Amino acid sequence: MNAVLTVALKDLRVAGRTRDTLLATAFFAGLVLLVLGLALGGDGAARTPAQTAGTAAGAVWTALALAAAVGAQRAFAQEQEAGALEQLILYPGPHGALYVGKLLGVLGPLLLVAAFTLPVGLILFGAAGAGRAVPWAALALTTVLGVVGFAAGTTFYGSITVNLRAREALLPALAFPILVPVVIATVKATSLLLTGGWSPEVTTWVVFLAAFDLGTVILATLLFGFAVEG
């Protein structure tokens with residue numbers, strides 16, 4: 001736990017001082033929302049509530065998935081660019097602690113971006129505002145679980161691609177196929193929450209998200225040593 005906290009606090013301090021990761025992910029998420037809003041916004045009155053909810057959920061989670069890939073690219077790149085990645089790996093302690101610390105460092109800026117992206121996206125696509133009742137607490141839970149799933153997968157694959165020339169292109173190509181279940185579950189849960197509130201079907205998707213997050217973190221922690229040394 002000491003190694004986890006040391007790595008996480010170091011990354012969060014760096015992110016707070018430079019703000020490059022936070023600004024890059026926030027700008028990218030905002031740009032994706034803007035593009036999708038212009039392409040899919042149209043006449044909201046012509047869509048049913050279910051269509052509006054589905055469009056808003058798809059746009060929000062598309063923006064967050066792509067933002068997670070952008071943020072995870074910096075998880076190990078700062079040590080690699082400074083020539084300190086090998087020293088970081090050689091520090092005493094299990095390699096899994098390094099992964100968990102990096103994961104927490106990625107989660108901080110990404111959760112801040114999600115706190116901005118979710119309400120803006122719902123308002124932009126007409127799923128919130130104008131007297132619409134929005135279950136914010138349930139949406140916050142779904143968002144946290146979804147962001148953890150994105151961060152867990154992209155951080156692990158970020159450690160694999162950090163030493164490759166085309167890491168910016170390879171990271172999304174490797175991580176997104178694994179994250180398809182998270183995308184489906186978050187979009188479905190968000191759409192259902194916006195149309196009918198909490199229901200047994202939402203519970204199923206939320207439980208699935210929690211199980212996926214836990215399994216991904218455990219598996220990535222166990223395999224992280226092989227990933228960074230390979």
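Mentor: A helix here is a DSSP run of H or I, at least four residues long, and helices are numbered from the N terminus. Keep in mind that the model is predicted. Helix α8 covers residues 200–229, and L223 lies in it. L223 is partly exposed, with a relative accessible area of 37%. It also belongs to a nonpolar surface patch of about 650 Å².

Now the aromatic side chains. The model has five aromatic pairs. Take W61 and F150 for reference. Their ring centres are 5.8 Å apart and their planes meet at 55°, so this pair is tilted. W61 sits in helix α3 (residues 49–81) and F150 in helix α6 (residues 136–161), so the contact ties together parts 89 residues apart in sequence. Both W61 and F150 are buried.

Back to helix α8. F208 and F212 also make a tilted aromatic pair, at 6.4 Å centre to centre with 35° between the planes. The two residues are four apart in helix α8, so about one helical turn separates them. F208 has a relative accessible area of 36%, so it is partly exposed. F212 has 16%, and buried means under 20%, so F212 is buried.

Methods
Residues are numbered from 1 along each chain as its sequence is written. This is a predicted model: local features need pLDDT of at least 70, side-chain atom pairs count only at pLDDT 80 or more; totals for chains, interfaces and linings use all residues. Side-chain values use heavy atoms; hydrogens and water are left out. Patches are made of residues with over 30% relative accessible area and no salt bridge: like charges are joined within 9 Å, nonpolar side chains (Val, Leu, Ile, Met, Phe, Trp, Tyr) within 5 Å. Accessible areas come from the Shrake-Rupley method with a 1.4 Å probe; for residues, only the protein chains shown count as cover. A salt bridge is a side-chain nitrogen of Lys or Arg within 4 Å of a carboxyl oxygen of Asp or Glu. Buried means under 20% relative accessible area, exposed over 50%, partly exposed in between (1.4 Å probe, protein chains only). Rings of Phe, Tyr and Trp (its six-membered ring) pair if their centres lie within 6.5 Å; planes under 30 degrees apart count as stacked, over 60 as edge-to-face and the rest as tilted.
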